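Please have a look at the sequence and the structure first.

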Amino acid sequence: MALSNRVISITEEKYVPTSIDGILNSNVFTSRLFMRENKNWGGRQIMIPLQFAKPTTGGSFSGVGDFDTALQDTRIRQTFDHKMFYQNVSVAGGEASLNKTDAEVLDLVKITLEEAQNAMIDTIGTQLYGQGIGDDFTGLEAIVDDGTNTSTYAGLTRTTYTQLNSTVTAASGGALTFAGMAVDMRGASAAGSKRQRPSIIVTTEVVWDLLESLFTPTIQANFDSLSRANVTTYSKPGVTLQGQDSLKGQYGFEALVWRGIPIVADEKATSGVMYYLNEEYLHWYNLKGVGLTSYKVGGTVDSVYSEYSRQYPIQWSGFNKPDAQYADVGQFFCLGNLISGSTRRHSKRTGITTV
């Protein structure tokens, strides 16, 4: 509706004191990873021993025996390096001054900080599905692999130490089937052990919908309750909650459940891939930066990232004033890396396009 100057000249606009995020989408794996208890980085590198052979100096005997007492090498070190990410924040002094008048609706500095922090988590979320090329954080495409993407992991070659290989299977004809999922689960599991099997399955929205269509003809009356299962950012590995009442104010992701394992959709997930992840062997190791402080901004931008009550492992440098400029400049930092000490306890199925 076109308004005349009779109205425009004497009537103010009304601003809603919240900025709506129209860019960023779901980042389920990263949010759950960061909201779970992080491990602390220590020293120049993280070292995790890997047993690659079973001791063979043992066996049946008679009489007093003749024992094999030879020493054997059965372990080797997995070596992990830290990586770093920054997100810049710049605020012009003149703009901040204009904002701090009686006409302020939203705090310019606060909203700039929150948008930068959200953008940072979103970009890191993309890296955590990648191959960890260059300075990028190590991602799932490097961890859940059999040498196709990365010939080495943790400083070791996957051809020499096959224990580093995950089970990776291409979907036959692009079809997702329960039989295929059983193969993926078996490849990443130790039979009979709840801890030595995947605790969550993560995939794209498209593949999640395909899986839902597999459930539909077999579940019938039970499907309604199944579809309301939830996984929160804080719930323990492998645990699902039924119904919204069970969330108790925590933000949760809708999940399907197969063999007791929650399956969630993540818009960051690699196209056509279903990841079977054992969260007991998948952790964020956080490095505390010297001169940096933990910092969480919230309450200004209505975004998927504003729905979490806990802090991400994000650190803030504080604002500095550059020489010869009327401005404030600072950076958010994320230091550390995603580490899996047992990559064989993950698996993935690739190339899923249909059922």
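This is a predicted model: local features need pLDDT of at least 70, side-chain atom pairs count only at pLDDT 80 or more; totals for chains, interfaces and linings use all residues.

At 22% relative accessibility, does Asp328 count as buried, exposed or partly exposed? Asp328 counts as partly exposed at that value, where buried means under 20% relative accessible area, exposed over 50% and partly exposed in between (1.4 Å probe, protein chains only).

Residues are numbered from 1 along each chain as its sequence is written, and side-chain values use heavy atoms, with hydrogens and water left out.

**Salt bridges**

Side chains of opposite charge can pair when their charged atoms come close. Counting a side-chain nitrogen of Lys or Arg within 4 Å of a carboxyl oxygen of Asp or Glu as a salt bridge, the model has 8 salt bridges. Among them are these:

| Pair | Closest N and O atoms |
|---|---|
| Asp122 and Lys268 | 3.0 Å |
| Arg349 and Asp184 | 2.8 Å |
| Lys321 and Asp328 | 2.9 Å |

Asp122 lies in helix H4 (residues 108–127) and Lys268 in the loop between strand E13 (261–265) and strand E14 (274–277), so this pair ties together parts that are 146 residues apart in sequence. Helices (H or I, at least four residues) and strands (E, at least two) are DSSP runs, numbered from the N terminus. Asp122 is buried at 14% relative accessibility, and Lys268 is buried at 18%.

The pair of Arg349 in strand E20 (residues 347–350) and Asp184 in helix H6 (residues 178–187) also links distant parts of the chain, 165 residues apart. Both Arg349 and Asp184 are buried. In the remaining pair of the table, Lys321 is exposed, with a relative accessible area of 56%.

**A covered helix and a buried serine**

Helix H2 (residues 28–35) is mostly covered, with 8 of its 8 residues buried. Its buried residues include Phe29, Arg32 and Phe34.

Ser166 sits in the loop between strand E7 (156–157) and strand E8 (167–170), and is buried with a relative accessible area of 5%. The Ser166 side chain reaches the backbone oxygen of Ile143 at 3.3 Å and that of Thr343 at 2.7 Å. Beyond neighbours within four places in sequence, Ser166 is in contact (heavy atoms within 4.5 Å) with residues including Val144, Asp145, Arg344 and His346.

Notes
A polar contact is a pair of N or O atoms within 3.5 Å; within protein, one must be able to donate a hydrogen and the other to accept it, and residues adjacent in sequence count only if both atoms are side-chain atoms.
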